[in-house]
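Work through each task before you read its solution.

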Amino acid sequence: MPMVPELDGAVTPDSHCLPDTGHQARRAAAAGSSCGLTTLSKLVMIMSLRQAASSFLCPPGRPARQLPNTAVLNLDNLIDYLAEVEDELHNSATPAVRFQHCVILDDPGSYLKSLGLVFAKPIIRTLIYNNNTASRSAFDQRQRQARLDLERTRMFKFAMGELRPRASELDRDMLNEYAPNLLRQLDDIERLSEDPELRSAWQKVTLTNFSRCATGRHYKGRLSDLIEDLFPDLAEKYAISSRSVSEREVILHLAEVDLVEEDDSNFDSEFTQRRRNALRKCIDIFYPPDAVADTASSNESRQSGHRCEQSCLEYLCNHYINEVRDRNSNEQSPVVRILRNVHVVNRRSPTSKYIPPKVKRRGANSGIVWVNGENYGFSRHRKCSEFDAVVVVGDRIDSIWEAKKTVTPSATHDILTKKVEAIESLQLDPSAELQFQDDEGKTTRKIPFQSQIGKLQLGVYTEEIQKAANSADSIRSIAASHAIADIEKTIAAVERAGGGEKIQIEVQLDSALEIIQNLRQKVESKRRGN
């Protein structure tokens, strides 16, 4: 369904359109009635940006052209949907409550939320750092570095203790023929590990660097093949040393190295012991020794997202271009280009070693948005780094599109705080410009974003809207993640869990209501054009 800004008399509801906004229409949609969202195969929302024109798909005085298997929504529909989610938070018959993932207490103002694997890292982050590491991204970076450190240390021990002594015993002619630089490169790696001034370079050494020690025309960077041919008795030890580190090993390493103690003035041995016991218990619950990494769900989610992006492009090609041509039926239609996977890239500074991509390498159906990262506080890392699709009509950027498999409150929040704010920042940045190739791929064109103020719109393509009851359960989970930040409450929740029982943390209903109310206020703010 396309979601368009509301226009007086612009939309004529019929069998393909939702009725007037309100709880009745939304409840019918959630129930899957003939006019509801669940009966439709596609949903497209057009969300207005600040100062955006209101005649994107529906010029004033002209009915919206209905497309097969689509319907038209506006921001009022989204606001009403969020209001229904808020109503469901007071309901004790949502799926999570029925399946006892949430337990409503005698006090209706609080509930117990069961903490599954998705809460493992937030819990462990709280127990290890006690909020001294403020952001999730910092914790993720620490895990990546810990993984590299563990793999490097294990491989370094094998290379120096097993491989180098055996390589030194080889006949010199054989060594020069099959492993000409092996000993020299192992010596270089050892020097990196010993020199304090080269610590940053040492921390970047990975398993790949060890594998590349097998230079020469025979093995060409394949250390495993070299060991199998020249030192077959070391093959098993090499396989053990070169395997990827498990999630449990990384977390145990962080628990041992990074556990942040209280200040000496506030040191409480009993509290610290409770904290360590809770941490060990959580590691055993969430990362048991015999656990096998399950990547099927993440791969399926990624593929589902790719399919949604492809459907978005097909929708734009099949319907949007025709709509633009209809609007210009009395004159020559402007050239319409649909650019996919448009990345936002910082320009290279005179002193930077970063080499930005060239637009020609990305092909004629894509482009690059260039920015100077220091301008107006905009940075691609702070907002977003990619737009799923950008529609260019003639010499102007007509719309930017985001593909979401399912619209949820969390997805709505990400769109408002990342995509919308990123585009608004681009419009204020005089250095920001869209660069793309012409149809023949011979020349490139540039369109400044600052010239598009008041003309851009953000389209959100999705295939379904999450049911309000399920969204309410998602909000309960988000509120639980906020409660986990309280280390006292988290330790108490872990201690309450007996053998084989799930960890349950007490959450105040007001915190869940505050989340959905703040989100609705954000949507209302955009609806007013602020």
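A residue is buried when its relative accessible area is under 20%, exposed when over 50%, and partly exposed in between (1.4 Å probe, protein chains only). This is a predicted model, where local features need pLDDT of at least 70, side-chain atom pairs count only at pLDDT 80 or more, and totals for chains, interfaces and linings use all residues. Residues are numbered from 1 along each chain as its sequence is written, and side-chain values use heavy atoms, with hydrogens and water left out.

**Exercise 1.** Work out whether Ser-114 is buried or exposed, and what its side chain pairs with.

*Solution.* 
- Step 1: Ser-114 has 6% relative accessibility, so it counts as buried.
- Step 2: Look for a polar contact (N or O atoms within 3.5 Å; within protein, one able to donate a hydrogen and the other to accept it, and residues adjacent in sequence count only if both atoms are side-chain atoms). The side chains of Ser-114 and Gln-504 make one, at 3.2 Å.

**Exercise 2.** How many disulfides does a search of the whole structure find?

*Solution.* 
- Step 1: Take the cut-off: a disulfide is a pair of cysteine sulfur atoms within 2.5 Å.
- Step 2: The search turns up zero.
- Step 3: Check Cys-312: its closest cysteine sulfur, in Cys-308, is 7.0 Å away, so that's too far for a bond.
- Step 4: Now try Cys-317, which is in no disulfide either, as the nearest cysteine sulfur, that of Cys-312, sits 9.4 Å away.
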